[in-house]
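Here's a quick briefing to read with the model open beside you.

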Amino acid sequence: MSAGKHEVFEHSIGGHALSGGEHAMLVDNEHLLKPFQSRGRGERENSFYELVWGMADEDPTRGTPAPTSTSVKCREQSRQALQQIIPKFFGKKDVGGQSFIEMENKTRHFRLPSIMDVKLGSRGWGVNASEKKVRVEIGKCAEQAKMGFRYIGIKKYDSNGNVRVDEGKTFGKTRVSATKHEGLRLFFSSLLPLPSSPSNSSEEERKQKAEDGIGEVDVKLLKKFRAKVVEMMEIFRKQSMFWFFGASLLVIVESDPSAPVDDDGLPRMEMCLIDFVHSVLVGTDEYERETADVKVVESENRGVRKIGCGSDSDFPSIEDPQNWARMANKVEKTSEVEGCDRHILNSFYCLLEAVDVLLKGNSE
């Protein structure tokens with residue numbers, strides 16, 4: 001399917017449009033074109049990329065940080081760190097009267113890319129959200145505050161190119177703390193051969209068939225994912241330019257058994273962070289406002305933190321928007337730069353915790 005000379009991006013999952021139209025993501029000369037979102041969100045995300053990739057020194061959509069802020073003092077170090085873990089940026093591009101963010105297509109080296117999109121963080125609302133909006137978002141996925149992340153989309157192919165796992169936002173919203181590893185299990189498990197089914201099968205029957213076709217967890221591949229998360233964390237610790245709300249971790253794994261493998265002999269795997277509309281620039285008024293809860297909790301805790309997500313009893317009611325702030329302060333500060341986003345670091349720890357639960361269950 002095409003839109004003019006541009007092909008519609010066929011591997012979209014989660015919140016990105018799959019079909020044609022003005023909201024479709026396009027492919028142009030191996031680059032990905034992400035349409036500007038409405039209500040100024042497109043301009044905001046484009047400004048993020050311009051700032052990180054050194055195409056601008058100011059961000060008119062987020063404000064100007066204080067000259068003494070860590071965002072300014074360590075800007076070049078932060079840029080170098082972030083450039084390692086986000087898609088390459090090629091600027092703003094207009095196509096048919098519509099504006100797009102032109103970026104690297106991370107799937108371009110894959111023949112059959114299985115993809116998982118994980119929303120990081122323990123709050124589901126963006127910047128400048130009203131109290132009503134906060135309540136609505138908490139209601140949509142109350143468990144995200146405890147889990148520290150949420151599955152947005154999972155699409156997994158078998159070796160014949162058939163989509164065998166295809167989960168969207170509803171799947172993520174129905175995970176609870178005790179089952180937060182289930183998305184990882186679906187994505188990193190082998191697939192069993194399936195008998196053919198009648199064309200008039202119900203959606204529920206097809207879902208059950210897909211679940212029955214999930215084999216054992218590929219422990220080696222899951223450990224590879226874990227190592228990549230740790231590696232990304234170490235890079236992320238070096239940046240103090242932004243705090244990230246609403247960002248996602250995109251994970252891509254090659255499903256074609258005839259495709260070239262990585263140096264470790266395992267299927268090719270790539271990861272990056274995406275979705276930066278709600279990132280806030282450290283040192284700005286917006287940053288002070290959006291991270292105020294963290295500072296309150298820091299004062300209450302007197303700097304005492306621990307690694308990991310803790311148990312449910314560590315947190316207040318799910319109706320309390322400060323849940324995310326309390327989680328953000330469970331991260332050790334031993335090796336991160338001043339101003340680093342502890343909210344996302346904690347989310348990485350929560351993800352590692354889910355990985356370890358899955359690994360333990362497959363070693364017994």
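K106 sits in the loop that links β6 (98-104) to β7 (113-120), in a model that is predicted. The chain as a whole has 13 helices and 15 strands. Of its 364 residues, 51% count as buried.

**Overall picture**

- Take the contacts between residues at least 6 apart in sequence: 72% of them join residues at least 24 apart.
- The chain exposes about 16700 Å², and carbon and sulfur atoms supply 48% of that area.

- Is K106 buried or exposed? With a relative accessible area of 15%, K106 is buried, because the cut-off for that label is under 20%.
- Setting aside neighbours within four places in sequence, K106 is in contact with P87, I252, E270 and C272.
- One of those partners, E270, falls within the range of β14 (269-274), and so does C272.

**The largest pocket**

- The largest pocket has a volume of about 1100 Å³.
- Its lining counts 40 residues, and those closest to the pocket centre are Q37, R41, K119, K169 and H278.
- Several elements each supply at least two lining residues: β4 (31-35), α1 (41-52), β7, α4 (131-140), β8 (149-157) and α6 (169-173).
- Which of them gives the largest share of the lining? That is α4, with three residues.
- By residue type, the pocket lining divides into 13 nonpolar, 13 polar and 14 charged residues.

**The largest cavity**

- The structure holds two cavities of 30 Å³ or more.
- About 260 Å³ of space lies in the largest cavity.
- A set of 22 residues lines the largest cavity, and the closest to its centre are F9, M25, L32, L250 and I274.
- At least two lining residues come from each of β4, α1, β6, β7 and β14.
- The lining of this cavity divides into 11 nonpolar, five polar and six charged residues.
- β4, α1 and β7 turn up in both lists: they supply at least two residues each to the lining of the largest pocket and at least two each to that of the largest cavity.

**Helix α1**

- How enclosed is α1, and what is its length like? Nine of its 12 residues are buried, so the helix is largely enclosed by the rest of the structure.
- The buried residues are G42, R44, E45, N46, S47, F48, Y49, L51 and V52. Among them are the charged residues R44 and E45.
- At 1.5 Å a residue, the 12 residues of α1 should span 16 Å, and the end C-alpha atoms are 17 Å apart, which agrees.
- After α1 comes G54, with a positive phi near 75 degrees.

**V52, inside α1**

- V52 lies in helix α1 and has 0% relative accessibility, so it counts as buried.
- Beyond its neighbours within four places in sequence, V52 is in contact with R79, L82, Q83, I86 and F242.
- Q83 is 31 residues away from V52 along the chain, yet the C-alpha atoms of the two are separated by 7.1 Å.

**Helix α9**

- Helix α9 covers residues 219-236; at 1.5 Å a residue, its 18 residues should span 26 Å, and the end C-alpha atoms are 25 Å apart, which agrees.
- Its buried residues are L221, L222, K224, F225, V229, M232, M233, I235 and F236.

**Positive phi away from glycine**

- N128 has a phi near 60 degrees, a positive value in a residue other than glycine.
- You'll find N128 in the loop between β7 and α4, where its relative accessible area of 48% makes it partly exposed.
- D275 isn't a glycine either, and its phi is positive at about 70 degrees.
- The place to look for D275 is the loop between β14 and β15 (280-281).
- D275 is buried, with a relative accessible area of 13%.

Conventions. Residues numbered from 1 in each chain as written. Predicted model: local features only at pLDDT ≥ 70, side-chain atom pairs only at ≥ 80, totals over all residues. Heavy atoms only, no water. Helix = DSSP H or I, 4+ residues; strand = E, 2+ residues; numbered from the N terminus. Buried < 20%, exposed > 50% of the residue type's maximum accessible area, 1.4 Å probe, protein only. Contact = heavy atoms within 4.5 Å. Areas by Shrake-Rupley, 256 points an atom, 1.4 Å probe, with all protein chains shown as cover. Expected span 1.5 Å × (residues − 1). 1 Å grid on protein atoms, 1.4 Å probe; cavity = no way out; pocket = protein on both sides within 12 Å on 5 of 7 lines; lining within 4 Å. Points joined across faces, edges and corners; volume = space filled by probe spheres on them.
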